[in-house]
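Thanks for asking me to look this over. Here are some notes to read with the model open beside you.

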Amino acid sequence: MKTISKSIAGLLWLLPLSSFSQVTDRIKLDQEGFYPNAPKVAVVTGDVPEGKFYIASTNLRDTVFTGTLSSEKQSAYSSTKTKIADFSALSKEGSFVVCISGVGNSYVFEIDKNVNRNVGKATLKGFFYQRASMPLEEKYAGKWHRSAGHPDNEVYVHPSAASKERPAGTVISTPGGWYDAGDYNKYIVNSGITMGTLLSAYEDFPGYFKNLKTNIPESGDGVPDILNEAIYNLRWMLSMQDPNDGGVYNKCTNAAFDGMVMPGVTQAKRYVVQKGTAATLDFAAVTAQASRILSKFKKELPGLSDSCLAASKKAWAWSLQHPDLAYNQNEINKKFEPKITTGGYGDNHFGDEWFWSAAELFITTREKKYYDTVENHLKDNVSLPNWHNVGMLGFYSFLRFKNELPSFTNATTGFMKEKVLTIANDYIQHVAANAFETVMGQTKYDFTWGGNSNAANQGILLINAYLISHDKKYVDYALTNLDYILGRNATGYCFVTGIGSKSTMNPHHRQSVSDGVTDPVPGLMAGGPNPGMQDHCHYDFTEPETAYSDISCAYASNEIAINWNAPMVYLSNVIEALQNKVGY
Ligand code: 9MR
């Protein structure tokens with residue numbers, strides 16, 4: 001924890017007020033810190049006797065900024081009362097604390113040109129720690145090194161997935177990929193949005209990511225590490241396609257969740273289960289996008305780009321034959337043994353998956369038939385992405401390529417542009433009324449299972465608004481949500497493990513629970529406040545924005561997951577990539 005040293009307590013009299021000796025978590029702020037010329041806000045909660053706040057050096061010798069707290073705000077989503085300390089005008093680089101008389105000192109934060117470099121790298125590295133089927137050697141994984149976990153080279157075709165060529169019990173091999181979350185199963189649907197988000201980060205900022213190294217075994221192979229990491233999961237995804245018909249299995253899974261043990265300790269049988277339209281179309285989208293990105297790396301990765309495109313087209317063809325096949329675990333369990341009780345990722349609305357996969361296939365191939373599907377679904381409802389709602393990813397990709405696409409797409413990209421800007425402008429309008437002045441938390445529905453990924457995904461939407469408008473204000477607002485995740489929220493937690501002063505310590509993450517290392521595996525973002533509390537564990541606070549419990553039992557608020565980490569990788573790195581350009 002970064003706090004002021006006790007030995008300098010005697011210097012407190014040098015400050016204009018005298019009661020600064022206590023570090024308090026009542027002052028909520030981005031625990032990493034701020035860019036010199038970016039907005040800077042801390043939020044103090046509860047009763048505050050004084051109207052002034054000070055920014056001081058960590059030895060409390062120098063007051064570098066004095067400001068006035070805002071009037072009191074009542075949060076709409078908990079009983080929390082706040083006052084805002086805005087010190088945007090302070091641009092001096094260094095380490096500082098916020099001091100408020102009668103309240104105490106905040107955690108130490110930095111003002112620095114590259115303040116989000118650490119969190120950007122760490123959240124990408126987080127994916128490495130989720131890798132299945134390969135040992136994590138100490139030279140890459142440090143104290144979190146471990147053995148390979150599930151080899152997944154002997155995986156059984158579950159009766160729900162039986163086909164003529166692959167009857168139930170057929171053994172196939174689907175090694176590699178990332179464990180989904182705190183559990184050790186691997187799900188195609190959730191890989192879909194995760195991969196789309198990571199690949200889009202690269203496509204939006206290839207220059208930045210070219211130089212981002214995460215110390216993984218592939219580092220230095222001529223391929224950017226964000227792609228190296230994504231390719232590890234891509235190769236697994238490719239193994240989940242039935243080569244006989246192009247359909248893609250929903251997941252590679254145990255029948256039931258493993259206990260809270262290290263990966264590979266239990267030797268439970270692994271299964272691939274029923275193919276589905278969502279899984280197959282998500283797969284088609286990811287492989288189409290990967291194909292065009294990897295076409296630039298044909299020397300380093302011979303054949304991979306072409307294999308991806310062939311796989312994508314085959315998945316599309318299967319989907320045309322099975323346009324509406326939901327993965328419904330309850331129904332499957334009525335018919336087949338063993339019953340499968342791991343995560344469902346069951347989705348039964350496929351318009352968005354049709355749209356996204358058609359968009360990626362069209363951008364990669366320019367074939368008109370895919371564009372027709374884009375047009376058919378263009379006016380469907382589109383909203384913030386999550387694992388079962390991926391249409392917006394197609395908007396982002398189209399907008400990324402709008403200047404390279406044929407002119408007959410102009411009206412379509414124009415429509416998409418308006419839509420993204422409309423949502424972004426709506427977000428912005430409500431920030432002033434929010435007790436933490438963040439985009440996150442404008443409705444109580446932001447606080448849900450994995451709600452922190454809503455914050456990160458709203459940030460991505462705002463970045464897209466910036467990319468199409470070049471209006472810097474959208475980056476400023478995206479930053480409010482990065483701040484939210486890193487501590488400017490009603491819980492006062494920084495939700496990324498290993499980052500900040502008071503961060504998630506006990507995620508629902510089997511390796512972190514069972515590896516004997518005190519610190520959790522780093523770079524992983526907890527789901528965050530979720531008043532649903534479906535885990536029925538102990539919660540000290542239960543209101544929408546405070547229902548977070550940093551105990552490993554609490555999987556509904558304190559699990560980690562690849563589809564939540566990916567937008568945090570995007571947001572933290574892309575803000576870092578943009579900071580110079582927007583004058584931070
Ligand atoms: O993120 C998923 C969330 O939207 C659902 O409400 C929840 C219950 O179905 O499942 C979440 O996903 C979990 C998945 O099913 C299994 N691995 C862990 C995921 C995160 O909790």
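Predicted model: local features only at pLDDT ≥ 70, side-chain atom pairs only at ≥ 80, totals over all residues.

1. Strand β14 covers residues 251-253 and strand β15 covers residues 270-272; the two pair in the antiparallel sense over two bridges. Which residue of β15 stands opposite T253? That place is taken by Y271.

2. Now for the wider layout. The chain is split into domain 1 (6-111), domain 2 (128-348) and domain 3 (434-584). Between the C-alpha centres of domain 1 and domain 2 there is a distance of 45 Å.

3. Next, please find S557, which belongs to helix α16 (residues 555-558). Is S557 buried or exposed? S557 counts as buried because its relative accessible area is 0%, and the cut-off for buried is under 20%.

4. The surroundings of S557 are worth a look on screen too. Leaving out residues up to four places away in sequence, S557 touches A526, G527, G528, N530, D535, Y539, A547, Y548 and S549.

5. Finally, a link back to the first point. S557 and I172 are separated by 385 residues in sequence, and their C-alpha atoms are 35 Å apart in space.

Key:
Residues numbered from 1 in each chain as written. Heavy atoms only, no water. Domains from an automatic or database assignment. Helix = DSSP H or I, 4+ residues; strand = E, 2+ residues; numbered from the N terminus. Buried < 20%, exposed > 50% of the residue type's maximum accessible area, 1.4 Å probe, protein only. Contact = heavy atoms within 4.5 Å. Pairing = 2+ DSSP bridges.
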